[in-house]
Amino acid sequence: MNLRNYAKFEFFSIPENIAFARSCVGSFAAQLDCTLEDIEEIKLVVSEAVSNCIIHGYENNPTQMITVMVSIDTASVLEIVVEDRGKGIEDLPRAMEAAYSTDPTRMGLGFTFMKSFTDDMQVDTAPGQGTTVRLRRSFLKNEEALA
Amino acid sequence: MSLEFKKIRATLIVRVAGEMDMLIADKMRTEIDKRIDDKTIRNLVLNLERVPFIDSSGLGVVIGRYKRITAKQGRMFIVGARPQVEKILFFSGVNRLVPMYKNEQEVINI
(Lines give C-alpha, C1' and ligand atoms only; values in the text may rest on other atoms or scores of the structure.)
Protein backbone atom coordinates (compact mmCIF):
# COMPACT_ATOMS: atom_id res chain seq x y z
CA MET A 1 0.00 0.00 0.00
CA ASN A 2 1.36 3.43 -0.94
CA LEU A 3 1.76 6.13 1.63
CA ARG A 4 -0.27 9.29 1.37
CA ASN A 5 1.52 11.04 4.17
CA TYR A 6 4.27 10.28 6.66
CA ALA A 7 5.90 12.04 9.62
CA LYS A 8 8.62 11.07 12.05
CA PHE A 9 9.71 12.85 15.21
CA GLU A 10 11.99 12.17 18.14
CA PHE A 11 12.01 13.62 21.62
CA PHE A 12 13.44 13.22 25.11
CA SER A 13 11.81 10.66 27.38
CA ILE A 14 10.20 13.19 29.69
CA PRO A 15 6.52 13.40 30.76
CA GLU A 16 6.18 16.88 29.22
CA ASN A 17 6.48 15.25 25.80
CA ILE A 18 3.51 12.91 26.24
CA ALA A 19 1.04 15.73 25.52
CA PHE A 20 3.29 16.97 22.71
CA ALA A 21 3.31 13.53 21.05
CA ARG A 22 -0.43 12.92 21.33
CA SER A 23 -1.25 16.43 20.04
CA CYS A 24 1.06 15.97 17.03
CA VAL A 25 -0.42 12.59 16.13
CA GLY A 26 -3.94 13.88 16.76
CA SER A 27 -3.34 16.78 14.34
CA PHE A 28 -1.85 14.43 11.79
CA ALA A 29 -4.85 12.08 12.05
CA ALA A 30 -7.26 15.00 11.58
CA GLN A 31 -6.58 14.98 7.82
CA LEU A 32 -8.50 11.67 7.67
CA ASP A 33 -11.94 13.28 8.06
CA CYS A 34 -12.38 11.37 11.26
CA THR A 35 -14.62 12.40 14.13
CA LEU A 36 -13.45 14.27 17.21
CA GLU A 37 -14.13 11.08 19.14
CA ASP A 38 -11.73 9.20 16.82
CA ILE A 39 -9.07 11.84 17.45
CA GLU A 40 -9.56 11.53 21.21
CA GLU A 41 -9.05 7.77 20.97
CA ILE A 42 -5.94 8.20 18.83
CA LYS A 43 -4.56 10.66 21.37
CA LEU A 44 -5.25 8.18 24.16
CA VAL A 45 -3.36 5.32 22.50
CA VAL A 46 -0.37 7.59 21.79
CA SER A 47 -0.40 8.77 25.39
CA GLU A 48 -0.32 5.17 26.61
CA ALA A 49 2.43 4.10 24.22
CA VAL A 50 4.69 7.06 25.03
CA SER A 51 4.04 6.75 28.78
CA ASN A 52 5.11 3.10 28.58
CA CYS A 53 8.42 4.11 26.95
CA ILE A 54 9.12 6.62 29.73
CA ILE A 55 8.04 4.50 32.70
CA HIS A 56 8.95 0.98 31.61
CA GLY A 57 11.34 1.27 28.67
CA TYR A 58 13.58 3.94 30.19
CA GLU A 59 12.50 3.70 33.86
CA ASN A 60 12.14 7.48 34.02
CA ASN A 61 15.61 8.23 32.66
CA PRO A 62 14.98 11.65 31.05
CA THR A 63 17.90 11.71 28.64
CA GLN A 64 16.78 8.88 26.37
CA MET A 65 15.03 9.24 23.05
CA ILE A 66 11.57 8.14 21.95
CA THR A 67 10.71 7.98 18.24
CA VAL A 68 7.20 8.32 16.84
CA MET A 69 6.41 7.59 13.20
CA VAL A 70 2.95 8.15 11.84
CA SER A 71 1.61 7.50 8.38
CA ILE A 72 -1.58 7.35 6.33
CA ASP A 73 -1.74 5.02 3.36
CA THR A 74 -3.93 5.17 0.27
CA ALA A 75 -6.45 2.84 1.93
CA SER A 76 -6.89 5.40 4.74
CA VAL A 77 -5.13 3.30 7.33
CA LEU A 78 -3.41 5.30 10.03
CA GLU A 79 -0.30 3.65 11.38
CA ILE A 80 1.45 4.87 14.51
CA VAL A 81 4.81 3.44 15.50
CA VAL A 82 6.24 4.30 18.92
CA GLU A 83 9.76 3.14 19.59
CA ASP A 84 12.20 3.18 22.48
CA ARG A 85 15.65 1.66 22.80
CA GLY A 86 15.21 0.91 26.47
CA LYS A 87 15.16 -2.22 28.57
CA GLY A 88 12.52 -4.14 26.62
CA ILE A 89 9.73 -6.29 28.05
CA GLU A 90 10.70 -9.57 29.72
CA ASP A 91 7.29 -11.21 29.72
CA LEU A 92 5.22 -9.75 26.90
CA PRO A 93 2.06 -11.94 27.27
CA ARG A 94 1.91 -10.97 30.95
CA ALA A 95 2.50 -7.27 30.20
CA MET A 96 -0.43 -7.34 27.81
CA GLU A 97 -2.86 -8.75 30.36
CA ALA A 98 -5.47 -6.24 31.50
CA ALA A 99 -4.80 -4.85 34.98
CA TYR A 100 -1.28 -6.28 35.11
CA SER A 101 1.47 -3.82 35.95
CA THR A 102 4.99 -4.17 37.28
CA ASP A 103 4.22 -1.02 39.28
CA PRO A 104 1.48 -1.48 41.95
CA THR A 105 0.50 2.20 41.79
CA ARG A 106 -0.42 1.88 38.13
CA MET A 107 -3.56 0.40 36.60
CA GLY A 108 -2.02 -1.79 33.91
CA LEU A 109 -4.46 -0.54 31.31
CA GLY A 110 -1.99 0.83 28.76
CA PHE A 111 -1.96 -2.13 26.39
CA THR A 112 -5.69 -2.72 26.93
CA PHE A 113 -6.44 0.82 25.72
CA MET A 114 -4.03 0.50 22.79
CA LYS A 115 -5.64 -2.77 21.70
CA SER A 116 -9.20 -1.60 22.25
CA PHE A 117 -8.97 1.65 20.32
CA THR A 118 -7.08 0.35 17.29
CA ASP A 119 -7.71 -2.42 14.76
CA ASP A 120 -4.31 -4.02 15.11
CA MET A 121 -1.44 -3.82 17.59
CA GLN A 122 1.96 -5.41 17.19
CA VAL A 123 4.66 -5.28 19.83
CA ASP A 124 8.23 -6.08 18.98
CA THR A 125 10.47 -6.29 22.05
CA ALA A 126 13.51 -8.05 23.45
CA PRO A 127 15.20 -7.59 26.84
CA GLY A 128 17.88 -4.91 26.51
CA GLN A 129 16.86 -4.11 22.93
CA GLY A 130 13.93 -1.76 23.42
CA THR A 131 10.31 -1.95 22.37
CA THR A 132 8.45 -1.00 19.21
CA VAL A 133 4.67 -0.72 19.30
CA ARG A 134 2.90 -0.61 15.94
CA LEU A 135 -0.74 0.47 16.00
CA ARG A 136 -3.01 0.49 12.98
CA ARG A 137 -6.49 1.81 12.56
CA SER A 138 -8.55 1.96 9.40
CA PHE A 139 -10.62 5.03 8.56
CA LEU A 140 -11.83 3.73 5.22
CA LYS A 141 -15.47 3.45 6.33
CA ASN A 142 -15.52 7.03 7.56
CA GLU A 143 -14.21 8.34 4.26
CA GLU A 144 -16.53 6.14 2.16
CA ALA A 145 -19.48 7.24 4.19
CA LEU A 146 -18.56 10.87 3.56
CA ALA A 147 -18.04 10.33 -0.19
CA MET B 1 -2.81 21.69 35.38
CA SER B 2 -4.29 23.43 38.35
CA LEU B 3 -6.10 22.19 41.45
CA GLU B 4 -8.61 24.15 43.47
CA PHE B 5 -9.67 22.90 46.88
CA LYS B 6 -12.84 23.57 48.80
CA LYS B 7 -13.83 22.04 52.10
CA ILE B 8 -17.47 21.59 53.07
CA ARG B 9 -17.65 20.00 56.51
CA ALA B 10 -16.03 16.53 56.16
CA THR B 11 -15.94 16.67 52.35
CA LEU B 12 -13.04 17.87 50.26
CA ILE B 13 -13.91 19.10 46.77
CA VAL B 14 -11.04 19.07 44.28
CA ARG B 15 -11.58 21.00 41.05
CA VAL B 16 -9.09 19.86 38.46
CA ALA B 17 -8.21 21.89 35.36
CA GLY B 18 -6.01 20.40 32.67
CA GLU B 19 -5.14 17.11 31.04
CA MET B 20 -4.76 14.20 33.45
CA ASP B 21 -1.73 12.22 32.32
CA MET B 22 1.59 11.09 33.75
CA LEU B 23 2.97 14.63 33.82
CA ILE B 24 0.52 15.74 36.49
CA ALA B 25 -0.07 12.39 38.25
CA ASP B 26 2.59 12.82 40.96
CA LYS B 27 1.67 16.40 41.76
CA MET B 28 -2.02 15.57 41.93
CA ARG B 29 -1.39 12.57 44.15
CA THR B 30 0.75 14.57 46.59
CA GLU B 31 -1.49 17.65 46.72
CA ILE B 32 -4.70 15.68 47.27
CA ASP B 33 -3.23 13.17 49.71
CA LYS B 34 -1.83 15.77 52.07
CA ARG B 35 -5.37 17.17 52.35
CA ILE B 36 -7.32 13.91 52.61
CA ASP B 37 -4.92 12.62 55.25
CA ASP B 38 -6.37 15.36 57.46
CA LYS B 39 -8.52 13.67 60.14
CA THR B 40 -11.43 16.06 59.55
CA ILE B 41 -11.81 14.94 55.91
CA ARG B 42 -13.85 11.83 55.19
CA ASN B 43 -15.23 12.26 51.68
CA LEU B 44 -13.75 13.35 48.38
CA VAL B 45 -15.45 14.94 45.38
CA LEU B 46 -13.36 15.12 42.24
CA ASN B 47 -14.69 17.77 39.88
CA LEU B 48 -13.52 16.97 36.33
CA GLU B 49 -15.51 19.68 34.49
CA ARG B 50 -12.30 21.24 33.20
CA VAL B 51 -10.47 18.02 32.32
CA PRO B 52 -10.44 17.50 28.53
CA PHE B 53 -8.31 14.34 28.59
CA ILE B 54 -7.52 11.40 30.85
CA ASP B 55 -5.32 8.34 30.26
CA SER B 56 -4.38 5.36 32.42
CA SER B 57 -1.94 7.46 34.49
CA GLY B 58 -4.81 9.84 35.31
CA LEU B 59 -7.08 6.91 36.12
CA GLY B 60 -4.39 5.62 38.46
CA VAL B 61 -4.63 8.85 40.44
CA VAL B 62 -8.41 8.48 40.70
CA ILE B 63 -8.25 4.84 41.84
CA GLY B 64 -5.43 5.54 44.30
CA ARG B 65 -7.48 8.31 45.95
CA TYR B 66 -10.54 6.03 46.02
CA LYS B 67 -8.54 3.40 47.92
CA ARG B 68 -7.30 5.99 50.39
CA ILE B 69 -10.73 7.45 51.05
CA THR B 70 -12.44 4.07 51.44
CA ALA B 71 -9.63 2.97 53.79
CA LYS B 72 -10.84 5.71 56.15
CA GLN B 73 -14.49 4.71 55.65
CA GLY B 74 -15.19 7.73 53.49
CA ARG B 75 -16.93 8.05 50.13
CA MET B 76 -15.67 9.38 46.84
CA PHE B 77 -17.58 10.88 43.91
CA ILE B 78 -16.71 12.18 40.47
CA VAL B 79 -18.66 15.11 39.07
CA GLY B 80 -18.83 16.91 35.74
CA ALA B 81 -16.86 14.45 33.60
CA ARG B 82 -16.99 15.46 29.93
CA PRO B 83 -18.16 12.79 27.44
CA GLN B 84 -14.64 11.82 26.30
CA VAL B 85 -13.43 11.49 29.90
CA GLU B 86 -16.63 9.78 31.00
CA LYS B 87 -16.14 7.19 28.25
CA ILE B 88 -12.71 6.25 29.65
CA LEU B 89 -14.05 6.11 33.22
CA PHE B 90 -16.77 3.70 32.06
CA PHE B 91 -14.45 1.69 29.86
CA SER B 92 -12.03 1.10 32.73
CA GLY B 93 -14.82 0.30 35.19
CA VAL B 94 -13.91 3.22 37.49
CA ASN B 95 -17.60 4.26 37.46
CA ARG B 96 -18.48 0.99 39.22
CA LEU B 97 -16.34 2.05 42.18
CA VAL B 98 -16.74 5.80 42.16
CA PRO B 99 -20.29 7.09 41.58
CA MET B 100 -20.53 9.82 38.97
CA TYR B 101 -22.76 12.88 39.08
CA LYS B 102 -23.40 15.88 36.85
CA ASN B 103 -22.25 18.58 39.22
CA GLU B 104 -21.21 19.36 42.78
CA GLN B 105 -24.73 20.34 43.77
CA GLU B 106 -26.07 16.88 42.96
CA VAL B 107 -23.57 15.29 45.34
CA ILE B 108 -24.16 17.84 48.08
CA ASN B 109 -27.90 17.05 47.85
CA ILE B 110 -27.37 13.31 48.50
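How far apart are the end C-alpha atoms of helix α1 (residues 16–29) of chain A, and what should its 14 residues span? Keep that in mind while you set up the view. This is a predicted model, in which local features need pLDDT of at least 70 and side-chain atom pairs count only at pLDDT 80 or more, whereas totals for chains, interfaces and linings use all residues. Residues are numbered from 1 along each chain as its sequence is written, while chains are lettered from A and ligands numbered from 1 in the order in which they are written.

**Helix α1 of chain A**

Select residues 16–29 of chain A: at 1.5 Å a residue this helix should span 20 Å, and its end C-alpha atoms are 21 Å apart, which agrees. Here a helix is a DSSP run of H or I with at least four residues, a strand is a run of E with at least two, and both are numbered from the N terminus; the expected span is 1.5 Å times one less than the number of residues.

Now colour the buried residues of α1(A), among them Ile18(A), Val25(A) and Phe28(A). A residue is buried if 20 or more other C-beta atoms, placed from the backbone, lie within 10 Å of its own, exposed if 12 or fewer, and partly exposed in between. The cover over these buried residues includes β1 (3–12), α2 (36–57), β2 and β3 (77–84) of chain A, together with α1 of chain B.

**Thr67(A)**

Next, select Thr67(A), which is found in strand β2 (residues 65–73) of chain A. Thr67(A) counts as partly exposed because it has 16 C-beta neighbours inside 10 Å. Leaving aside neighbours within four places in sequence, Thr67(A) is in contact with Lys8(A), Glu10(A) and Glu83(A), where contact requires C-beta atoms, placed from the backbone, within 7 Å.

**Where the chains meet**

Show both chains, and select the contact between them, which takes 14 residues from chain B and 17 residues from chain A. On the chain B side, α1 (22–36) and α2 (56–71) each supply at least two residues, and α2(B) gives the most, with six residues.

**Chain B as a whole**

Finally, show chain B by itself and trace its five helices and five strands, which run β-β-α-β-α-β-α-α-β-α from the N terminus on. The C-alpha atoms of chain B fill a box of roughly 35 × 30 × 20 Å, taken along the principal axes. Of the 110 residues in chain B, 39% are buried.

Methods
Two residues are in contact if their C-beta atoms, placed from the backbone, lie within 7 Å.
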